[in-house]
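Visitor: Can you walk me through this one? I'd like to start with the contacts.

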Amino acid sequence: MQKKLIIKDCMKHDSCAWPITKVSYPVVFDCGVEAGNWELKDAQGEAIPFQVTDIVKAEGMVTSLTLHFLTSLSKGEYKEYTFAAGEENGKPIEDKAFSPLFGFAVDKEHNSFSVTYEDKKMVCRTGFQNIEYRILNTGSIFEEIEITCRGTLEQEYRMIVRRITGMPFWELEETMTGMETGEAAQMEMTFENFDFTHRYSNARPVEKIDQYLGEKNELPITMMPFENWVPWFQSKQIAFLGEEYSAGVFIRDNLGWDDGKYAIWGSNRDFGVTFRYEKDAVTAQFPLKNGTRFTGIAAYPGSDSTYVEKLWKWYAFLHLDKVKNWALDWEEDPSRYPKFWGNVLESQECELPKNCSKNALLESLCREVSNVDKMGPVSNRIFANLTAVFDLTAKDMSKEEFDRARAMFAFMGYATKDENYMPMENMLAGHPNFMGDTAAVSGFVCALFDQHPEKEMFRKYFNRAVELNMKYHIRPDVAAYESLGGRETENLSCYSFAMLRPFMQVCSLFERCGYPNPLVCENGAKWLNWMTGALSAPVNGRRIVPQQGAHSRTDDIPYMLCQLAQMLEDTYPEIARNTYAACRGSALNGFEHNEKVWKLLFERKEDDGELTLKTEKFTGFGCILREGVGTPNEISVHVQQLDRGPNYRWGCFENTGNGGIYYYAAGKRYSYNSPEDTGDRDLGADVGNCGFAVKKDHFYHNIGFQDLTEPLRDFPVVKQAKLMAGDTIRDYYKYRRVSLVETDYAVMYDAVTHMRAAGRFLWTANELEEFPEIWQLVPGAKQMEGDGGANQYRAGNGDAHCLEAHQRSKTVTYDGNGNFLTLVSHRKDIQVQKTEYGAAVELPDRTDYLFEDEARIRYQAEAMSFTGKSGIISIHKDGTVRGALLEGTRIGVGNLQICLEGRGAVFFEKQEMAKAAGGVDVHSADEDVQAAGAEGTAAAGIWSGLITADEFCSLRINDRTVLVEKGKYRWKLGADIELRKLPERTYTGINGFVRDTRRHEWGFLGTDFKDTGEILTYPEE
């Protein structure tokens, strides 16, 4: 009985030359065979050394086994092996035909074992007293020794030490259980008798072995599967270099590293291998925590700094034992192309993809294969272009060209989905847009090659990437905050669209292939709703994307937004149609310059439906205040405050752009920041944006990270958002209230903690546009010219850029002490006067009385009264009176007196007493409401043991009183107070929301690796 085994290279590429590698094959016999009478021969009939394991018998006969042997593969090589069982002349090769490179020895006296290379030793100590050793497998190909260590608290640490014949490294597989009890422990591996002088890892240059050591002589690097792309403190491999001999460690397989948790973004550092250098020796420290690890340990002559990196490439990432199973040669009919772009090219005039020729395609694929171990998600983006080129040129290729091109395309599909690249099985690698770029390659392979034997595997991988990113990187609804979900981890102006782009490209092909679209899901709809809901009021006839975060070089709405709406329309019609309406007037260009061919697959759909943009609060993002939507006077004021995370590329200055404002009104933009001023530019909080900052320890800080805990008020007369300060600045800064009054102006109240707190209010506009009118009322700070934004700046990646005129900014600042009250308006016909209670604002049609303070205002005049901290009374010349009590207990004008007790707010409008009407919002109270006491509170008899303060408010209008449950209402004053409860919004949160205590861009920007906080983890499902 014979089994034929074939290994071949279909790419015929110079860089594809695999060294000698142990490969393994499961062998199943249709009929049982006798054990031991086997042989393995190559195509020339020469006997090849082999080893068998995992023998399964039935009735004394072998039914299956695993065959192991050593082989290599060079460019274009074809190898055929025959494994024969039951042959009369079959003889196994003697084990002594090959000898292992490393020696193994046990020192029971010191509870250690060592692996030896020449006279060098790698000595392993665990600290356990109960240690057992046994041989699992031995033969001509490899030897496996199991070491089991047991503690007193059901702790078990099991190691398999594997020595493969002729390999320049040995393997260590660890399995740990019961390690959550007792003190933290670790296995230490010391490299003895090596004379190391330098070290090298792929994210750092060659450094002296003792360069940048920590307080305990620790090296500034951790070996673990993944971190930011690419952080200088993490690596999958590290080499220790000497003049004569060197050594190193590398992750043998990311799949073998599993701590039983599902980390988000980066691996858990407390599971990674760390190193220290003392007494002229390097010690690797393997923490003993529940889970598994799979590591390679190398020793070799010479001082090649990249040798261990090469071992990782050929024996982990592109290990021949898995590459041999990749389907790179299959039947695919080239006459079926073009599948996607043929019809659109015939019907439209368009620009073809760059270098749209078969020769250019093959050159690009060869380049990608050559650099496969150095590739990154950004370089993966070329496959969007290559997909279109392949589709358009396949019909013109010779059979040899077609076979080679598809083989390289599929090879890159396998490589980019490999767990050793961007992990997804045991953790979800970040950045989210990078995972999108990476997973898209699998999607392109699936769509292009629908006859590929593993197309479903590629499709499943892409779908899973979409599902996980939608689960973990889209903020949920939070009913307690009355906030909508949908905000993506990455910044609005660039990287959220950068994640959308690869997903949309693949999904547009999937729909043409008849595959289900993974973006058609609840969080996909929330994501679209956030991107649409964050758009500005019209500027020169079109809505724009506020320049929040890094790379905000364009404010155009990308066509992908409408394309996603089309995909979601059947399932989420209201969100889709609102997107169409919001995009009216926009050119809907590509997100970046290289998307023209992809835009051909998008056919714009016009919709004359009603626009329903509203004042909204989005979880972890901020609030958008709107008025006059759809009218020439439309205004939107955007107030940013991010939560603690995860966040990416929202800015690298102090606490990002939190507290920052974007202001659009009457067809113009009145706020601005240059492309990286709230992004990668390393600025302070007091430069280049529209915000407020408080000086702490000689530096300015903005309001910081915080949840949006405070109610969002959405009344006809005024909209108001309140941001609470984050914990890093709370000793100096209390909160920021931002109010939008009709379509006319915005009011900002910044409360600090003491009268000497030094604050700075700043406003930035585009250099070619005008500033709004600004009245700095309290403390009455004088205007100072800012630094003009930045005509020349240095971005976070270190590249210098010269801004074009239309991207430059100009800034004015106001410095003072104590609380700040500031009014900003685009209107030129407003007069503002500071008053004891806040401000009086004269407009052509009315006078507004603004009540704004951090302390309680007690105002009583002949026609008006107010008790509280924030509110407005607006008296129109036609006799209409409107007002709102936003924070307080009492508001009155003329013969209308309203008292509110509890955590709520109320507004009113009247022309005469009989027609008084308004609304009231009631929220859960932070603390118990007192039954009686201050003037204007509810009567003591209202409250009883059956009524708790966090469920009701007491609303009194003149002599009528009513208890109001939590919710939003409209009221009308008649014989009694008539209440009509508005429909409650349904909040549909998700279980995947996770929090973080760090900013992930820290590793990218090079902050101290010890200072990056915890990694997100989520239990496996």
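Visitor: What share of the contacts with a separation of 6 or more comes from residues 24 or more positions apart?
Guide: In the protein chain, 68% of them. Contact means heavy atoms within 4.5 Å. This is a predicted model: local features need pLDDT of at least 70, side-chain atom pairs count only at pLDDT 80 or more, and totals for chains, interfaces and linings use all residues. Residues are numbered from 1 along each chain as its sequence is written, and side-chain values use heavy atoms, with hydrogens and water left out.

Visitor: How many helices and strands are there?
Guide: The protein chain has 15 helices and 56 strands. These are DSSP runs numbered from the N terminus: helices are H or I with at least four residues, strands E with at least two.

Visitor: And how much of the chain is buried?
Guide: 59% of the 1021 residues. Buried means under 20% relative accessible area, with a 1.4 Å probe and protein chains only.

Visitor: Let's take α11. Where is it, and what is its span?
Guide: α11 covers residues 522-533. Its twelve residues reach 16 Å from first C-alpha to last, close to the 16 Å expected at 1.5 Å a residue. The expected span is 1.5 Å times one less than the number of residues.

Visitor: Is α11 enclosed or open?
Guide: Largely enclosed by the rest of the structure, because ten of its twelve residues are buried. Among them are Trp 527, Trp 530 and Lys 526.

Visitor: What do those buried residues pack against?
Guide: The helices α9, α10 (495-513), α12 (559-568) and α13 (573-582), plus strands β26 (616-618) and β27 (622-627).

Visitor: New topic: Leu 777. Which strand holds it?
Guide: Leu 777 is in β38, residues 773-778. Its relative accessible area is 10%, so Leu 777 is buried.

Visitor: What does Leu 777 touch?
Guide: Leu 821, Val 832, Lys 834 and Ala 839, not counting residues up to four places away in sequence.

Key: Buried < 20%, exposed > 50% of the residue type's maximum accessible area, 1.4 Å probe, protein only.
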